[in-house]
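Please view the sequence and the structure below, and then read the points grouped by topic.

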Amino acid sequence: MKVVDLMSSAVWGARSRPARTASVLLSLASGVAAVVFVSAIIAGFGKQIERLSFGAYSRALVVRENLLVQDRHGPPSLADTQALASEIAGVDGTAVWRTGRATTRVRNEMLSLSVFGVDGDYLPELDTPLAAGRWLTSEETAGYSRVCLLGLEAAEKLQGGGQVGKSIRLNGVDCEIVGILGEPRSRPANRYLESAVAPFRAAERHLLDDDRTSPGDAEWITVLMEPGSDLRKTEMAADRLLRKRRGAPLSDPSPFTFGDGSGAARDMDEQRDLVARLLAVVATLTLAASLTAFGGISVAAVASRRREIALRMAMGASDLDVAGQILLEHAGLGLAGGVLGLLVGLGVGRAAAEVWTWPFAPELWIGGAAVCLGLVVGLTVGGFLAYRVAKLPPALAARG
């Protein structure tokens, strides 16, 4: 029999019993969907928890002055930021910050706000959407313009005075509000809710009353690394570079501290792996049950078709023709079950991500493996049943 005829017979066999075909497809698709769904949820869950807990700090070094050493070398500076960006490999961006408090008058009351002066790539660390207005431009953050972004709670406390286009008076100096920040996306970004974010030099010269630090000095420098970078090696390289710039020998304690969010992130990864293992066990058991159901329903279905098989043999079909039909039929059902399970798993994963508001991160290799698994299972079960059918005597098949 030609391959086209075998395929036609296989399609006819699947369509002749729609209830059986549907049960076979669903039994396999349910297990595949569970695996695809769990893999997408685990990946998205990990990204969301890391982002909420650490934001950009999960892949960043935060350089501060080491206040515990006896021989002080001063805080980091704008010049240090430029050196770190140019001489450390794998740097994705840097930002230098200077902070303090400022007061403003709201009607007859004085309101105290945090002021963050920043220069550089500040958006990853800010990690907050813009509710109104615009961002500070790179030209503004590198200059002396008295413009600022206002945190959401600060804008609410200022009432009508906290609007884009108006000016806020900080420590007696006017600063134009060019943007209003929205709700923070991560826990570290909560610090900007009741604050004003301004250019570094403008905050240093005009907005902050701080005589303790010199011009260009910063409270901290954020060195944002490329994904997958080794923060330990980066810390060692940054320490050597800053020691050289300060003339601090390696035998002395480091003049700077390097906050590294990767340690806490690794601890969270271990906790996530434990949850992932638990979900993987559940998905594996579901998949095993679906494969067992697929095989059981297929065996029962072929056993109920003995008279049909005997009739085809009586009409001239050979053992190989019948075995080929059974093999192709179950291979097609296995492939269709894998594809259906993949689509269902992706659909449910996408819906869950929308409901739970976290990233949808399906693994492409999981999808490919799901389709291949369905095909392999179909071929395995079909091959076993085809062998049994080929060895079945026609007289025994005719009895049913």
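Helices (H or I, at least four residues) and strands (E, at least two) are DSSP runs, numbered from the N terminus. On that basis, the protein chain has 13 helices and 10 strands. The model is predicted. The points below begin with the chain as a whole and then turn to one strand, the salt bridges and a surface patch.

**The chain as a whole**

- The protein chain has 400 residues, and buried residues make up 48% of them.
- Among the contacts in the protein chain with a separation of 6 or more, 79% are between residues 24 or more positions apart.

**Strand E8 and its partners**

- Strand E8 covers residues 195-199, and five of its five residues are buried, so that E8 is described as mostly covered.
- Strand E3 (residues 109-120) pairs with E8 in the parallel sense, over five bridges.
- Strand E5 (residues 147-150) runs antiparallel to E8, and two bridges join these strands.
- Val 197 in E8 stands opposite Phe 116, and Val 197 also stands opposite Leu 149.

**Ser 195 in strand E8**

- Ser 195 has its place in strand E8.
- Ser 195 has a relative accessible area of 0% and therefore counts as buried, since buried means under 20% relative accessible area.
- A polar atom of the side chain of Ser 195 lies 3.0 Å from the backbone oxygen of Tyr 192.
- When neighbours within four places in sequence are left aside, Ser 195 is in contact with Ser 114, Phe 116, Leu 149, Leu 150, Gly 151 and Ala 154.

- The structure holds 11 salt bridges.
- Asp 80 and Arg 245 meet through their side chains in a salt bridge, at 2.8 Å from N to O. Asp 80 lies in helix H3 (residues 78-87) and Arg 245 in helix H8 (residues 231-246), so this pair ties together parts that are 165 residues apart in sequence.
- Asp 80 also forms a salt bridge with Arg 246, where the closest N and O atoms are 2.6 Å apart. Because Asp 80 is in helix H3 and Arg 246 in helix H8, this pair ties together parts that are 166 residues apart in sequence.
- Salt bridges that share partners join Asp 80, Arg 245 and Arg 246 into one network.
- Arg 246 counts as partly exposed, at 21% relative accessibility; the limit for a buried residue is under 20%.

**Salt bridges: Arg 64 and Glu 219**

- Arg 64 and Glu 219 form a salt bridge, and their closest N and O atoms are 3.7 Å apart. This pair links distant parts of the chain, 155 residues apart.
- Arg 64 is in strand E1 (residues 60-65), while Glu 219 is in the loop between helix H7 (200-207) and strand E9 (220-225).
- Arg 64 is partly exposed, with a relative accessible area of 30%, and Glu 219 is partly exposed, with a relative accessible area of 35%.

**A nonpolar patch on the surface**

- A nonpolar patch on the surface is formed by Leu 327, Leu 335, Val 339, Leu 343, Leu 375 and Leu 379, which together have about 450 Å² of accessible area.
- Helix H11 (319-356) and helix H12 (364-390) are the elements that give two or more residues to the nonpolar patch.
- Helix H11 gives the most to the nonpolar patch, with four residues.
- Leu 343 lies in helix H11. Leu 343 counts as exposed because its relative accessibility is 56%, and exposed means over 50%.

Definitions and conventions. Residues are numbered from 1 along each chain as its sequence is written. This is a predicted model: local features need pLDDT of at least 70, side-chain atom pairs count only at pLDDT 80 or more; totals for chains, interfaces and linings use all residues. Side-chain values use heavy atoms; hydrogens and water are left out. A salt bridge is a side-chain nitrogen of Lys or Arg within 4 Å of a carboxyl oxygen of Asp or Glu. Buried means under 20% relative accessible area, exposed over 50%, partly exposed in between (1.4 Å probe, protein chains only). Patches are made of residues with over 30% relative accessible area and no salt bridge: like charges are joined within 9 Å, nonpolar side chains (Val, Leu, Ile, Met, Phe, Trp, Tyr) within 5 Å. Accessible areas come from the Shrake-Rupley method with a 1.4 Å probe; for residues, only the protein chains shown count as cover. Contact means heavy atoms within 4.5 Å. A polar contact is a pair of N or O atoms within 3.5 Å; within protein, one must be able to donate a hydrogen and the other to accept it, and residues adjacent in sequence count only if both atoms are side-chain atoms. Two strands pair if DSSP finds at least two bridges between them.
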